[in-house]
Amino acid sequence: MSSINDNLFGLHTQALDTWQRRSEVLASNLANADTPGYLARDVDFKQALSQASGQSDKLPMTITQQGQIDPQAQAAEQLAYRVPSQPTMDGNTVDTQVEQANFAANGVHYQASLSFITAQIHMLRTAITGGQS
């Protein structure tokens, strides 16, 4: 089923998963803005998406048997620490303004991928029904 989705929706299905994961990470950063020693993290979207799609410059890993670790799931889990522009005295590296801006931009990207998938489904439905509801 995954290859069918890839043909219909391109990378938008993997992108949607990655945008969703990134919103969780950014929300976690915002929730821990006052936690001493908390280090802000982020998803390297470009790297995660290229690894999930198998287009990374590294040797791609595949599952050969059931029960093995899924490399696509691992790619989405790879988080990087954010380089702080001005860390606080307690070691917290969360900049709430940066996190809020990234969270808002991430929401726009998520909605764009979701809109593309919805438009593709609508187009397929129209093609199948011939425009009849």
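Helix pair H2 and H5

Guide: Helix H2 (residues 12-31) and helix H5 (residues 96-129) have axes that come within 9 Å and cross at roughly 160 degrees. Axes here are lines fitted to C-alpha atoms, for helices over the stretch in contact, with angles running from 0 to 180 degrees between N-to-C directions. H2 and H5 are therefore roughly antiparallel to each other (angles over 145 degrees count as such). The contact (heavy atoms within 4.5 Å) involves residues of H2 including His12, Leu16, Trp19, Arg22 and Leu26, and residues of H5 including Glu99, Asn102, Phe103, Tyr110 and Ile117. By class, this contact has 11 nonpolar, 11 polar and two charged residues; Ala, Val, Leu, Ile, Met, Phe, Trp, Tyr, Cys and Pro count as nonpolar, Asp, Glu, Lys and Arg as charged, and the others, Gly among them, as polar.

The model is predicted: local features need pLDDT of at least 70, side-chain atom pairs count only at pLDDT 80 or more, and totals for chains, interfaces and linings use all residues. Residues are numbered from 1 along each chain as its sequence is written, and side-chain values use heavy atoms, with hydrogens and water left out.

Asparagine 102 lies in H5. Beyond its neighbours within four places in sequence, asparagine 102 contacts Arg22, Leu26 and Arg82. Aspartate 42 is 60 residues away from asparagine 102 in sequence, with a C-alpha to C-alpha distance of 9.7 Å.

As for the whole protein, it has five helices and two strands, which are DSSP runs (helices H or I, at least four residues; strands E, at least two) numbered from the N terminus. Their order along the sequence is α-α-β-α-α-β-α.

Methods
Parallel < 35°, antiparallel > 145°, perpendicular 65-115°, else oblique.
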